[in-house]
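Subject: Structure handover

Hello,

Here is the structure we discussed, with my notes below it. Please read them with the model open.

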Protein chains: 2
Amino acid sequence: MLLAQLQRPGASELISFLTEQLGQREALVQVAGEFEVLYSGRAASTADAGDFLLMIKGDGSLQLHSHRGVKPVNWQPQTDALDLSVEDGVAVLLSERRSPPEFVRVAFLEPVLAQSLRMQELTGFVLIGSEAEMQQSLARNPEVIEEGLTLLDREVPTGVGGIDLYARDAQGRLVVVELKRGKATQEAVHQLSRYVETVSAQVGEQVRGILAAPAVSRPALLQLERLGLEFREVSALPDSASDAPEQLPLFG
Amino acid sequence: MLLAQLQRPGASELISFLTEQLGQREALVQVAGEFEVLYSGRAASTADAGDFLLMIKGDGSLQLHSHRGVKPVNWQPQTDALDLSVEDGVAVLLSERRSPPEFVRVAFLEPVLAQSLRMQELTGFVLIGSEAEMQQSLARNPEVIEEGLTLLDREVPTGVGGIDLYARDAQGRLVVVELKRGKATQEAVHQLSRYVETVSAQVGEQVRGILAAPAVSRPALLQLERLGLEFREVSALPDSASDAPEQLPLFG
DNA sequence: GTTTCGATATCGGTT
DNA sequence: AACCGATGTCGAAAC
């Protein structure tokens, strides 16, 4: 992980540095200091001149961080063109994105630090506990949802969205299952209700609807009951994975 | 904007640095190098040891960036407790969040750089083109949606969500308006349809539903037509704000 | 604290 | 390229 760095660069010095470093695919380039930042595109934003940390990655993503929060103040998921210039003795960066048309402009009023890191690609990243994983697991073990449940299909398109799990219960009734990896809200109930209505109209028979999630909000549960739908508690993670780190093999 | 920095620190050196710097409220602290990162909480994740950039802000937010993307690989919006230690000669950071219970653990296998920046609070940030702004504007000028429209209320709770704009048309019919600041999808149509159904059942009369957005997806438009609902094109931004930066006063 | 909803959402997958 | 849905969504406002 190589590193190049400048402290308190002048305008033209900063421009040279950025021109050189931003050409490199693996570089993560940062500039910190007092900037003036503008954004215009899907929306538009301005702010007083102040302290920012600019980060540009090798894939063309750009983000400007302020003193707080995980989310950057301004950003671009993709930069298609970068323009560097000096205006009135101040280095200026203009980042352009073609689709949607968007621009971020940074005037480096007082750059304190500019640096570049070589970042190797991230490998072996694994996320446990996604809804996709939960769906796979329940597809293999539908009895976790209900004894006697037989899986018919997954991700069934209905014309108004895809049904997560489509099954038949012990009494032979059709069952539509909507999964949520987190606490289910009214929105999930609406989704389920929409699927049940659609399928019911298509097949011309009674269809059960089950919302399967680790928890439900109170309003969602009330709505479920009003609509004659059901809730089943299903945890997204295997028990061990939600333990404290001291008890986790991961952290051993 | 003060700055403290260490290059290629040893484990205990890094621990001392972090202990000192993380105590300061205004500090934005970064460590770059080869790490091993683990996360466990609502979900869980692992990855191979590799290059990361750790950023911890004064508000307790933490993020770990990889070589690409705006989104960090791992993060914590809030850190309630930080623990620093040395394990087998390697500096280790454990960040804990109480609610929901979550942990991020970073083992600094080969720290290349550690630095701290004093970041002043962001001031004067203004975002133009939010849905809230669009709603205000349309509430003042409902004729933009339709000639003869009279506003009755905004953000009306229905038991299944809030209606953006509630109005009466020239013929005296009730109108439910759903706003979207971007291209409207099937989800927006579904939301609108729910509101129209609910209001219609409550008042016992025919209710019109209008989806007002700068654009609508084709499937969403078809669905609107099937349900007897309407679409009105309404731009989120004043025309000038979506111009190219050369033409923008903002960028002059 | 819980719930809801907007977001320049981002991101990935599928059509 | 458009579209759809999940996200460890985050974040703020309303209750």
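Helix α3 (residues 186-203) of chain A and helix α3 (residues 186-203) of chain B have axes that come within 12 Å and cross at roughly 90°. Axes are lines fitted to C-alpha atoms, for helices over the stretch in contact, with angles running from 0 to 180 degrees between N-to-C directions. Helices (H or I, at least four residues) and strands (E, at least two) are DSSP runs, numbered from the N terminus.

From α3(A), the residues E187(A), H190(A), Q191(A), S193(A), R194(A) and E197(A) meet Q186(B), E187(B), H190(B) and R194(B) of α3(B), where contact means heavy atoms within 4.5 Å. By class, the contact of α3(A) with α3(B) has five charged, five polar and no nonpolar residues. Here Ala, Val, Leu, Ile, Met, Phe, Trp, Tyr, Cys and Pro count as nonpolar, Asp, Glu, Lys and Arg as charged, and the others, Gly among them, as polar.

On conventions: this is a predicted model, in which local features need pLDDT of at least 70 and side-chain atom pairs count only at pLDDT 80 or more, while totals for chains, interfaces and linings use all residues. Residues are numbered from 1 along each chain as its sequence is written, chains are lettered from A and ligands numbered from 1 in the order in which they are written, and side-chain values use heavy atoms, with hydrogens and water left out.

Chain A also has an open sheet of five strands, in the order β11-β12-β13-β15-β17, with mixed pairing. At its edges stand β11 (150-157) and β17 (230-233) of chain A, each with a single partner strand, so one side of each is left without a neighbour in the sheet. The twist averages 30° from one strand to the next. Within the sheet, strand β13 (residues 174-179) and strand β15 (residues 207-213) of chain A pair in the parallel sense over six bridges (two strands pair if DSSP finds at least two bridges between them). L179(A) has A212(A) in β15(A) as its bridge partner. Helix α3(A) packs on this sheet, touching β12 (162-168), β13 and β15 of chain A, and its direction makes about 155° with that of β15(A).

In chain B, seven of the seven residues of strand β4 (residues 50-56) are buried, so β4(B) is largely enclosed by the rest of the structure. Buried means under 20% relative accessible area, exposed over 50%, partly exposed in between (1.4 Å probe, protein chains only). Strand β2 (residues 27-40) of chain B runs antiparallel to β4(B), joined by seven bridges; one of these links G33(B) with F52(B). β4(B) also pairs with strand β5 (residues 62-65) of chain B, antiparallel over four bridges. In the hairpin of β4(B) and β5(B), with five residues between the strands, G60(B) takes a positive phi near 95°.

Last, the aromatics: the whole structure has four aromatic pairs over all chains. Rings of Phe, Tyr and Trp (its six-membered ring) pair if their centres lie within 6.5 Å; planes under 30 degrees apart count as stacked, over 60 as edge-to-face and the rest as tilted. F35(A) and F52(A) are stacked, 6.4 Å centre to centre with 10° between the planes. Both F35(A) and F52(A) are buried.

Regards
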